[in-house]
Each structure stands twice: as C-alpha cells, then as structure tokens.
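Let's take a walk through a protein chain together, starting with the whole and then visiting a few places one by one. Keep the sequence and the 3D view side by side as you read.

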Amino acid sequence: MKPQPISQDILREKYAKGSEQTVEDIHSRVARALAEVETDPARWQPIFQETLAKGFIPAGRILSAAGTSICSTLINCFVQPVGDSMVGQEGGKPGIMVAAQEAAETMRRGGGVGYDFSRIRPKGAQVKGTASTASGPVSYMHVFDKMCETVESAGSRRGAQMGVLRVDHPDIEIFIHAKDERGKLTNFNVSVGVTDAFMEAVEGDRTFELVHAAEPSLDFLAAGAHQRDDGLWVYRSIEARVLWEQIMRSTYDHAEPGVLFIDRMNVENNLAYCERIEATNPCVTANTRLATQHGLVRIGDLYATGEPLAVTVDTRALGRPARGVEVREAKPAFLTAHNAEVFRVTTVEGYELEATAWHEVYTARGKIKLSDLRLGDEIWVQSGKGQFGRDGDEPLGTLLGLIAGDGHFTHRSKGQECAVLNFWNEDRLLADAMAHTVNLMIAGQALTPRSYSVAPVAVPERH
C-alpha cells in the first residue's frame with residue numbers, strides 16, 4: 001500500500017530523529033539499537049529490521065527513543081503500586097512517599113504512570129500509631145499531582161498520570177468530585193474502578209456497601225459502621241443508582257471521572273493467569289497548526305525544520321484592550337510531550353481546538369488551562385488576518401474561501417466526489433473568474449485525451 005501523506009507527517013513529527021525521513025530510516029536505527037544488546041549484533045540487526053519491515057510495530061517509546069542519546073525508558077506505560085502506609089511497605093506494596101519517589105523517576109525517564117489509590121484508608125479511618133484519623137486517598141493525590149507538575153520527563157515531556165479508586169471505597173464520592181473545582185488535580189486523569197457487583201446493584205436498584213480493610217473511627221462506628229464476615233469494614237451504604245448518577249453527571253459536566261470496568265478487564269485479560277489489572281495509564285497524541293510567516297502550518301512540521309518563527313499574535317494576548325493582530329518573532333517549535341492525553345474543545349460557532357490539558361487558552365476569565373475550561377466560557381480566537389505564506393495565490397485563496405463559505409461536496413455518478421460552488425447576489429460577478437481559475441488548475445490533468453472545462457450555470461428559480 002502506498003504511504004498516505006498523513007502517515008508520513010505523523011512519522012516525521014513523532015518518531016523521526018535528526019536527518020531521518022522515511023520509515024526505513026527509523027527501522028534501521030531501532031534495529032541497530034536492539035541488536036546492540038545481543039551477543040551477535042551483526043546477525044540480529046538484519047533479522048530485527050526484516051521483522052519491522054514485515055509489519056511488527058513496537059511501542060512508541062521504542063520507535064522514538066531507541067538508538068538515540070536520550071536517557072529514556074523504552075516502555076510507554078507503567079502502573080505504580082501504592083500501599084496504605086507513609087513509608088516502607090504494606091501488603092507487599094510500597095508506601096505512599098516511596099511510591100511518589102518511584103513514580104517521579106519513571107516520569108523523569110519518559111514513562112506515564114497510573115495508580116490505584118484504593119488501598120489507602122478512607123478519610124476518618126483510625127490511625128492507631130498516631131492516635132489520629134486518616135485524611136483519605138484524595139488528599140495524597142495532591143502530593144502526586146504536585147510531584148508530576150514539578151518533574152520534567154525525558155525529551156522535555158511533562159508526566160501523564162491516571163488515578164483510580166474502586167467504586168466500593170468509602171471516599172468514592174470525594175474522588176468523583178475531586179476535579180469539580182477549577183485548578184484541582186490538573187496533572188491527573190481520574191477513573192472509577194467499577195465492579196460487576198456495583199453494576200448489578202445499579203441494574204437491580206439496590207443499596208451498595210462502601211467498604212475498606214481499615215477500622216473506622218469512633219464517629220463512624222457510632223453512625224453504624226460495622227465489620228463484615230470477610231473482615232472488611234462497612235463504612236456506610238448508598239443507593240447504587242445515586243452513586244452512578246453522580247459519576248455520569250460529573251463526566252457529562254467536565255469529562256471526569258472515567259470508568260474502568262475493573263472486573264471485566266481482568267476476566268478478559270489474556271495474562272490473567274499471572275497478573276491482576278488495578279489501574280491504567282493515559283497515553284495519546286496531539287496535533288495543531290500555528291499561524292506563521294509560512295501560513296497555517298502543522299507545528300510538528302515546524303518542529304522538524306527547527307527554524308525561527310514569526311507568528312501572528314492577537315493583541316489582547318499582549319495585554320491590550322483593542323482587538324487586532326501583530327507579528328512577533330518566536331523561538332523554534334519544540335517538543336513538550338510524546339504521550340499526553342488530548343482534549344477537543346468545540347465552540348458554539350463550530351471552532352475546534354485539540355490540545356493537552358495543560359495547554360493555556362485566553363478567555364473572558366483570563367488565561368487558563370484547557371482542563372479548567374467550563375461550559376459557557378468565552379474563548380478568544382484570532383481577531384485579525386494571519387499571514388498567508390509563500391504558497392498559492394489570490395485566485396486560489398478566493399476559490400478555497402468560496403468552497404468553505406458557500407460551497408459543498410456532492411457525489412455524482414460512479415461515486416465520484418465533486419465540489420459545487422454557489423454564487424449568490426453580488427458574488428455572481430466572481431463566477432466567470434472562478435471558472436477560469438478552475439480551468440487553469442485542471443488543464444492537462446485528465447486521464448483521457450478528452451479536454452474538460454467548467455463554466456457557471458444559472459439556476460433562475462434560485463436567483
């Protein structure tokens with residue numbers, strides 16, 4: 001199959017290094033790097049390269065980092081265990097501060113990290129060693145959040161984190177609403193670990209017990225907390241549908257939390273005989289265009305060239321009250337993330353922006369992170385003309401503008417797609433000029449000796 005232009009763009013943007021231009025260049029680097037650890041590199045390099053050429057696709061970190069000078073992990077995703085203690089180990093899992101230290105090193109090396117915080121005792125549980133009560137897992141998530149904000153990963157990449165809490169944890173409602181307030185846990189995506197038992201309770205409209213191994217405080221005991229036959233403490237019960245409704249409304253409101261059908265994942269996990277999944281790690285990609293001296297150009301292409309830029313800037317972003325734009329010199333585009341979750345923001349008028357949660361946008365409320373946007377926010381868009389670059393000309397620009405504004409695409413016979421331009425009122429004066437432009441573009445492009453041309457057609461009943 002012939003490579004598609006978009007595939008080649010992604011290849012150069014995300015994986016190519018230095019002078020690499022083709023997938024064969026990348027395969028050669030990766031195969032050479034992987035063969036270096038073998039006892040006979042000369043034998044294994046062509047085998048690895050042939051395997052890649054036949055369709056084997058390694059993880060993104062391998063394609064991006066293998067054979068380079070970056071001190072990076074070649075593994076994309078990690079799940080960091082977290083136990084119910086400050087230091088040391090609890091139940092075979094590292095304590096909270098040990099886990100944070102280990103996660104910081106993972107992110108520094110370029111890996112994304114997921115955590116299951118369900119082992120941490122709930123807010124109000126007894127802490128007998130200090131004769132106090134626990135603050136709950138969400139409070140410790142803020143420690144991990146600040147750590148992630150501070151640590152810069154390999155290749156100038158900010159860390160990506162996923163926090164999971166089981167749906168039967170007593171602090172589940174606090175967790176569901178942990179990101180309701182703007183600016184909270186901005187370096188986390190959060191998901192509820194939903195069990196089969198919970199979904200059955202939702203379906204049957206039953207109450208659902210919130211439980212933990214840690215003993216509740218006296219206040220909880222006085223309110224009815226009790227220990228089950230399996231040793232777990234029932235802190236309280238809640239209507240399953242009420243809890244499910246909270247999850248759904250919060251997700252609808254600001255896309256958090258997600259849900260992990262944790263029991264179903266483990267049933268269908270083909271490695272279930274040797275592992276149990278407790279959490280996941282977020283890894284996705286980003287792409288956008290920037291208004292530069294070359295026109296609207298993919299920032300990945302700008303990163304590949306490394307050249308200085310002159311960008312179009314809205315004057316309101318410079319602290320001026322009036323609308324308008326001006327051109328400012330800018331540093332070359334640089335890579336900020338290999339793996340990061342991407343969000344799409346759509347305005348009422350149909351504008352779209354795809355960016356990471358930490359990407360900042362200008363709004364009527366000021367400059368804020370994408371993750372802090374609320375429904376109804378007014379996002380500022382460029383309030384003046386951009387730069388048009390060196391490619392194309394005025395007739396082509398006019399033609400494209402008319403197609404975007406008053407044109408449409410339709411299918412004719414044999415499934416062929418055609419562009420239709422509509423000229424209304426005073427725009428009818430442009431019809432002959434645009435037909436001439438199209439005829440110049442398609443001259444000599446026909447697959448047969450027959451000559452083709454286009455001309456405007458009047459439709460009297462539509463004026």
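Two residues are in contact when they have heavy atoms within 4.5 Å of each other. Among the contacts in this chain with a separation of 6 or more, 56% join residues 24 or more positions apart. The model is a predicted one, where local features need pLDDT of at least 70 and side-chain atom pairs count only at pLDDT 80 or more, while totals for chains, interfaces and linings use all residues. Residues are numbered from 1 along each chain as its sequence is written, and side-chain values use heavy atoms, with hydrogens and water left out.

Now for the overall plan. The secondary structure of the chain comes to 14 helices and 24 strands. Helices (H or I, at least four residues) and strands (E, at least two) are DSSP runs, numbered from the N terminus. We will also sort residues by how much of them can be reached: buried means under 20% relative accessible area, exposed means over 50%, and partly exposed lies in between, using a 1.4 Å probe and protein chains only. Of the 463 residues of the chain, 36% count as buried.

What gathers in the interior? In soluble globular proteins, nonpolar side chains tend to be buried together. A nonpolar core is a set of buried Ala, Val, Leu, Ile, Met, Phe, Trp, Tyr and Cys residues joined through side-chain atoms within 4.5 Å. The largest such core here has 38 residues, and Y115, F117, F144 and F198 have the most contacts inside it. Elements that give two or more residues to this core include β4 (112–116), α6 (137–150), α8 (196–204) and α10 (240–254). The biggest contribution, 6 residues, comes from α5. There is also a second, separate core of 11 residues, with Y15, A16, A33 and A66 among them.

How do α8 and α10 cross? Their axes come within 8 Å, at roughly 105°. That makes α8 roughly perpendicular to α10. For such comparisons, axes are lines fitted to C-alpha atoms, for helices over the stretch in contact, and angles run from 0 to 180 degrees between N-to-C directions. Angles under 35 degrees count as roughly parallel, over 145 as roughly antiparallel, 65 to 115 as roughly perpendicular and the rest as oblique. Where the two helices meet, F198, M199, A201, V202 and E203 of α8 touch A240, R241, L243 and W244 of α10.

With 13 residues (394–406) at 1.5 Å a residue, α13 should span 18 Å, and its end C-alpha atoms are 18 Å apart, which agrees. The expected span is 1.5 Å times one less than the number of residues. In α13, L399, L402 and I403 are buried, whereas E394, A404 and G405, on the other side, are exposed. Among the elements covering the buried residues are β23 (407–411), β24 (417–421) and α14 (431–442). The axes of α13 and α14 lie 10 Å apart at an angle of about 110°, and the two helices are therefore roughly perpendicular to each other.

Leaving out residues up to four places away in sequence, N269 touches E275 and I277. G67 sits in the loop between α4 (60–65) and β1 (77–80) and is exposed, at 52% relative accessible area. The C-alpha atoms of G67 and R29 are separated by 5.8 Å, although these residues are 38 residues apart along the chain.
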